[in-house]
Amino acid sequence: MGSSSNLTSSYLLQETNQNRSKDKQTPLSLDPQLTSAAQAKAENMANSNYWAHNSPDGKTPWSFIATSGYQYQAAGENLAYGFSDASGVIAGWMNSTEHRENILNSAYSDVGFGVATSPNFQGNGPQTIVVAEYGDPVDAVANISFSVPETAQNTPANVKGDSTDLSAKPVSRIQVLTDGQAAWSALLVSAIAGAALALFLVRHGRRLHRLVVQGEAFVSHHPWLDITVVFVFTAGFILTRTTGIIG
């Protein structure tokens, strides 16, 4: 997907703080240094075409933050691509336990967002990449912790959860519509859609040839039930399709 007019730092901050408010957490402040770090990371991902918290040449998320000049005692990173608006990105993150923890983490006071586009990201055509860098500043760096949603094998002892090989976690339309408040929604919609299809096949399995032969005449005998069943199945199929990827 291409970039959207509201895929900006201000809208991403607004959606983030709305979720923090619901969780009774203090709002995050948009920090220019973290914004610079997030933008550099997003552009690096787009230019080098990788989907990971570490770049192919081994550059870690916290190195982008350090380069920006932001000194921190705690920091975290969320990644996403394929979403068309800010609410979809934040809802996608809220549907994942690990990403949700970064958004709602009481240890963080600042955040920065970066947005970059790629003409053919990961072979999936034009995509918009979004990076969020979270942090809590200190005057001198000590007891540093860094949180990203995946755990790597060779993580430094004082760094929490780094990854050099990030899996793609798809987010469905229904998960975005529920704003991350119902992680089970995709499974429920799939079950309802499957039940609707099963009901349709049971009702008409022995008479499908009549549906083909008689066409409109057959449908006219069962207008509302058949229309409802087909609508439920179609809606369920659409709502469970992937709308974006988080990492």
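## First stop: Lys 24

Select Lys 24, which counts as exposed, at 78% relative accessibility. The cut-off for exposed is over 50%. Lys 24 belongs to the loop between α1 and β1 (29-30). Although Lys 24 is not a glycine, its phi is positive, about 60°. Keep in mind throughout the tour that this is a predicted model.

## The whole protein

Now zoom out and colour by secondary structure. The protein has 10 helices and 7 strands. Of its 247 residues, 45% are buried. Among the contacts with a separation of 6 or more, 74% are between residues 24 or more positions apart.

## Asn 19 in helix α1

Next, select Asn 19, in helix α1 (residues 9-22). Is Asn 19 buried or exposed? Asn 19 is buried, because its relative accessible area is 3% and buried means under 20%. A polar atom of the Asn 19 side chain lies 2.9 Å from the backbone oxygen of Glu 15.

## Helices α2 and α3

Select residues 32-48 for helix α2 and residues 61-68 for helix α3. For α2 and α3 the angle is about 130° and the axes are 8 Å apart. The two helices are therefore oblique to each other. Their crossing is right-handed.

To see which residues make the contact, show these side chains:

- from α2: Gln 33, Leu 34, Ser 36, Ala 37, Ala 40, Lys 41 and Asn 44
- from α3: Pro 61, Phe 64, Ile 65 and Ser 68

Sorted by class, this contact of α2 with α3 has 6 nonpolar, 4 polar and 1 charged residues.

## Helix α4

Move on to residues 86-94, helix α4. How many of its 9 residues are buried? The count is 8, and the helix is mostly covered. The buried residues in α4 are Ala 86, Gly 88, Val 89, Ile 90, Ala 91, Gly 92, Trp 93 and Met 94.

## Where α4 meets α5

On the α4 side, the contact is made by Ile 90, Trp 93 and Met 94. On the α5 side, His 99, Arg 100, Ile 103 and Leu 104 take part. The residues of this contact of α4 with α5 divide into 5 nonpolar, 1 polar and 1 charged. Ile 90, Trp 93 and Met 94 are also among the buried residues of α4.

## Ala 107 and Ala 75

Ala 107 has a relative accessible area of 35% and is partly exposed. Ala 107 and Ala 75 are 8.8 Å apart in space, C-alpha to C-alpha, and 32 residues apart in sequence.

## Last stop: Gln 122

Finish at Gln 122, in the loop between β3 (110-118) and β4 (127-137). Gln 122 counts as partly exposed, at 35% relative accessibility. Its phi is positive, about 55°, although Gln 122 is not a glycine. Go back to Lys 24 to see another positive phi, of about 60°.

Key. Residues numbered from 1 in each chain as written. Predicted model: local features only at pLDDT ≥ 70, side-chain atom pairs only at ≥ 80, totals over all residues. Heavy atoms only, no water. Axes fitted to C-alpha atoms, helices over the stretch in contact; angles between N-to-C directions. Helix = DSSP H or I, 4+ residues; strand = E, 2+ residues; numbered from the N terminus. Parallel < 35°, antiparallel > 145°, perpendicular 65-115°, else oblique. Left-handed = near helix turned anticlockwise from the far one by under 90°. Contact = heavy atoms within 4.5 Å. Nonpolar A, V, L, I, M, F, W, Y, C, P; charged D, E, K, R; others polar. Buried < 20%, exposed > 50% of the residue type's maximum accessible area, 1.4 Å probe, protein only. Polar contact = N/O pair within 3.5 Å; in protein donor to acceptor, adjacent residues only side chain to side chain.
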